[in-house]
Structure formats: structure tokens, C-alpha cells
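Dear colleague,

I am passing on the structure below, followed by notes on what was found in it. Please read the notes alongside the coordinates.

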Amino acid sequence: CQCMPAPQQLVERGLFPCTPFLPKLAINLDMLEFAAGLFVNSLPNETAWAATLTEFLDTRDYVFATEDSFQRHFGNALTQY
């Protein structure tokens, strides 16, 4: 139903909002689960992981508004997840 809040709609579609209100970016729940598991089994370096993924996406013409945009959004989502 479109009367549900955006974050709830995203979660029902397998995505996790990066902010609780008016999310501009959402992360796939499977990716968050993978990252959470990875950080349990290795040094938790979300900064390096986010930088690597940002560079990977940049080479495929997906560019974020600011250099640390994805890192901040992903960090927020992973913390709340």
C-alpha cells in the first residue's frame, strides 16, 4: 500500500533505508547481512569497503553526489541494521 511510510515500503522490498525519514538511498538487506558477517570475521573497516565499492561503481558511471556520500549512507544503514 502506498500509504505506508517509505522506509517500511523499502524493507518490504528487501531494502534498508539509509535514513529513517525521507530516505534517498537504500541498501539491499542481503548486502548488509554480508557486510555484517564480513566485519565479524575480519577487522571492521567499513571505510575501506565503502571506498572500494564507490570506486567500483564510479568506473561503471554511477557517481555519488559527494566523495563520502556512500560511506556515510552505508555506515548509517549498517549501524541501524
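Is Tyr62 buried, partly exposed or exposed? With a relative accessible area of 43%, Tyr62 is partly exposed, where buried stands for under 20% relative accessible area, exposed for over 50%, and partly exposed for what lies in between, with a 1.4 Å probe and protein chains only.

Before the rest, some notes on conventions. This is a predicted model, in which local features need pLDDT of at least 70 and side-chain atom pairs count only at pLDDT 80 or more, while totals for chains, interfaces and linings use all residues. Residues are numbered from 1 along each chain as its sequence is written, and side-chain values use heavy atoms, with hydrogens and water left out.

Overall fold

The chain has 4 helices and 2 strands, which are DSSP runs numbered from the N terminus (helices H or I with at least four residues, strands E with at least two). From the N terminus on, their order is α-β-β-α-α-α, and the C-alpha trace spans about 40 × 30 × 20 Å along its principal axes. Of the 81 residues, 28% count as buried. Among contacts (heavy atoms within 4.5 Å) between residues at least 6 apart in sequence, 40% join residues at least 24 apart. The accessible surface comes to about 5,800 Å², with 58% of it belonging to carbon and sulfur atoms; the areas come from the Shrake-Rupley method with a 1.4 Å probe, and for residues only the protein chains shown count as cover.

Aromatic pairs

The structure holds 3 aromatic pairs, a pair being rings of Phe, Tyr or Trp (its six-membered ring) with centres within 6.5 Å, called stacked if the planes are under 30 degrees apart, edge-to-face if over 60 and tilted for the rest. The rings of Tyr62 and Phe64 are edge-to-face, because their centres lie 5.1 Å apart and their planes stand at 75°. Phe64, at a relative accessible area of 14%, is buried. The rings of Phe70 and Phe74, by contrast, have centres 5.6 Å apart and planes at 25°, so this pair is stacked. These two residues are 4 apart in helix 4 (residues 69–80), which means that about one helical turn separates Phe70 from Phe74; both Phe70 and Phe74 are buried. Ring pairs link Tyr62, Phe64, Phe70 and Phe74 into a cluster.

Nonpolar core

A nonpolar core is here a set of buried Ala, Val, Leu, Ile, Met, Phe, Trp, Tyr and Cys residues joined through side-chain atoms within 4.5 Å. The largest has 14 residues, of which Leu25, Ile27, Leu32, Phe70, Phe74, Ala77 and Leu78 touch the most other members. Helix 2 (29–41), helix 3 (46–58) and helix 4 each supply at least two residues of this core, and helix 4 gives the most, with 4 residues. Leaving aside neighbours within four places in sequence, Leu32 is in contact with Phe16, Ile27, Phe74, Ala77, Leu78 and Tyr81.

Backbone points to check

Leu22 is not a glycine, yet has a positive phi of about 50°; Leu22 lies in the loop between strand 1 (15–17) and strand 2 (26–28) and is exposed, with a relative accessible area of 75%. Asp61, also not a glycine, has a positive phi of about 65°; Asp61 is found in the loop between helix 3 and helix 4 and counts as exposed at 70% relative accessibility.

Best regards
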